[in-house]
Amino acid sequence: MLSVEDLSISFGGLAALSGLGFEVAEREIFALIGPNGAGKSTVFNVVTGLYRPSSGRVRFLGEDLLALAPHEIARRGVARTFQNTEVFRTLTALDNVLIGRHTHLRSGALRGALAVASVRREEAAARGTARALLERLGLGEVAGVEAGSLPLGFQKRLELARALASEPRLLLLDEPAGGLNPTETQALMEVIVRLRDEHGLTILVVEHDMELVMGISDRVAVLNYGRKIAEGKPDRIAADPAVIEAYLGSEDD
Amino acid sequence: MRRAALAIGALALLGWPWAAPPYFVFLASLIVVNAIVAIGLNLLSGYTNQLSFGHAGFLAVGAYTAAIVATRWPGVPVVAPLLAAALVTALVGLALGIPCLRLEGLYLAMATLAFGFVVVEAILNLDWLTRGNDGLRVPVAHLGSWALAGDRERYYLVLPVGAAMVWAALNLARTRTGRALLAIRESEIAAQASGVHVARYRALAFVVSALYTGVAGGLFAFVVGFLSPDAFDVFLSVDFVAMIIVGGLGSVPGSVVGAAVLTVLHDSLAGFQNYRPLIFGAILIASMLFMPGGIASAFRFLKGDRV
């Protein structure tokens, strides 16, 4: 479904990714792990069109993503969350999720300003969808609250709700468990697996929390200094000496 | 409750010319004109965070367009010059907005400031069309056989137009377009990741903002009856910015209240011409320090909407 080939990008002469390649199959949960600065978030930023790589190819359902702008990539069914949450802080939780519905709504400025019947119907339906999503992620109570005033765990779930509102086919999660306590992480793992099982989503996740990675991933790729040093099933990765040396050993706590 | 309040408000506005002396009717018309500008400016600066110090320029484009159309075709229904003002100013907004897409913050403020100066210079130099420094007399507006010759008649032209513009802005703000604009202000990368075409919406904000200000300019021309370039100087642009800061960035009702407060204040300080900038500056600073969300957020706070 998503194929990344020979991806290289450097910032100010420093290679952030070199010759990276991997494939994510439909309905797969694929994890990217690696020490800080290994280039994991850079992969997300390339796939979503924020960075242009110096070489390489990124294809999604056969289409070249590198030729598209970020909003066009979103329209193709790629949604993401951010490492340091990027909720729309002064807007309510409900409005945050409604913006996630953006690509599914049709009303333009003129018809919106005149509040024609079709716009009112569309808005009412979008509000219904957004509220249902908030309920499902346990955010029903805070629908009217300013997103920026919510605790971090809520903001993370809100970002997920916003991403899901676009009905994506591929979901990119950038450190979804960052800052969550073990109970919250456990709940998050169940949510992620359910998204794949019940909605057929394909999920690419960057994460430091090994319990989450090992618990839900079908396959894992390990990055170190912008290169892939291992790829395979979680149990094989956990036993790989190169991985242990580069990452697990030094960060095991 | 809400309906009753709206009905009472509407009655008060409609009855105003019968209760107030002519000068206060004129002042009310001016408030409506400024409220339309403030809404337009707020859609640009408050909603997408693109600060403009050139809205007096847009107001001038609208005012002169309406005046020239009304002069060229005497007796034409007032709708025509107003539509022309809206259209021409929106096009100017597009022409300014597209190159400004690359600018942010201070640079955008400088570019719009320069635009304001360019408009005044253009009015001075195109004197075959605008009569330059001599000023342009605006013919009386007509609606069929009805000549809007007095302050009261003009108020009844301005009020429904203003009400329609407020209504449209409220609708726009709470549907897809308004949300996309706010999303851009809050986080550009998250807006893009949600499928919002940032450049297109930024340009759209410029066009809508200019259109609003153009309509206000058209009304302004008929309300004051005489146009000269010095009325559209940079201080007027600063007044518009002050209106949305005092009223509340990103709030349509706040724009209206801010316009009303500053217009009345402007008028009541007319006797202290020399101190006016001082008093205005003090109000701006106080408002930013103690009421950063403007009157709109103070109201929300009082109503307990905050949480």
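Which residue of β9(A) stands opposite A:F30? A:R219 does. The points below set that pair in its surroundings.

1. Basis. This is a predicted model, in which local features need pLDDT of at least 70, side-chain atom pairs count only at pLDDT 80 or more, and totals for chains, interfaces and linings use all residues. Residues are numbered from 1 along each chain as its sequence is written, while chains are lettered from A and ligands numbered from 1 in the order in which they are written.

2. Confidence. pLDDT is the predictor's confidence in each residue, on a scale from 0 to 100. The average for chain A is 91, and 97% of the residues score at least 70. Helices and strands here are DSSP runs numbered from the N terminus (helices: H or I, at least four residues; strands: E, at least two). Among the elements of chain A, the highest mean pLDDT, 97, belongs to helix α3 (residues 93–100), and the lowest, 69, to helix α10 (residues 241–251).

3. The four-stranded sheet. Chain A has an open sheet of four strands in the order β2-β1-β4-β5, with antiparallel pairing. Two strands count as paired if DSSP finds at least two bridges between them. The edges are β2 (14–24) and β5 (63–64) of chain A, each of which pairs on one side only. Helix α1 (residues 40–47) of chain A packs on this sheet and touches β1, β2 and β4 (55–60) of chain A; the direction of the helix makes about 70° with that of β2(A). Contact means that the C-beta atoms of two residues, placed from the backbone, lie within 7 Å. Angles run from 0 to 180 degrees between N-to-C directions, and axes are lines fitted to C-alpha atoms, for helices over the stretch in contact.

4. Strand β1 (residues 2–11) of chain A is joined to β2(A) by seven bridges, and the two run antiparallel. A:L2 faces A:V24 of β2(A) across the pair, and A:F11 has A:L14 as its bridge partner. Two residues separate the strands of this hairpin, and A:G12 in the turn has a positive phi of about 55°.

5. The six-stranded sheet. A second open sheet in chain A has the order β6-β7-β8-β3-β9-β10, and its pairing is mixed. At its edges are β6 (78–80) and β10 (227–232) of chain A; each has a single partner strand, so one side of each is left without a neighbour in the sheet. On average, neighbouring strands of this sheet are turned by 20° against each other, direction ignored. α1(A) lies across β3 (29–33), β6, β7 (170–174), β8 (202–206) and β9 of chain A, at about 145° to β7(A).

6. Around β9. The opening pair, A:F30 and A:R219, belongs to β3(A) and β9(A), which are parallel and joined by four bridges. Strand β9 (residues 219–224) of chain A also pairs with β10(A), in the antiparallel sense over five bridges. There A:V220 stands opposite A:G232, and A:N224 opposite A:R227. The β9–β10 hairpin of chain A has two residues between the strands, and A:Y225 takes a positive phi near 50°.

7. A:I229. This residue is in strand β10 of chain A. How many other C-beta atoms lie within 10 Å of A:I229? There are 17, so A:I229 is partly exposed. The cut-offs are 20 or more for buried and 12 or fewer for exposed, with partly exposed in between, counting other C-beta atoms placed from the backbone within 10 Å. Leaving aside neighbours within four places in sequence, A:I229 is in contact with A:V222, A:N224, A:A242, A:V243 and A:A246.

8. A:A115 and chain B. A:A115 sits in the loop between α4 (109–114) and α5 (117–136) of chain A. Not counting residues up to four places away in sequence, A:A115 touches A:R120 and B:N171. Across the two chains, 23 residues of chain B are in contact with 33 residues of chain A. On the side of chain B that touches chain A, α8(B) supplies the largest share, seven residues. The residues of that side divide into 12 nonpolar, eight polar and three charged. Here Ala, Val, Leu, Ile, Met, Phe, Trp, Tyr, Cys and Pro count as nonpolar, Asp, Glu, Lys and Arg as charged, and the others, Gly among them, as polar.
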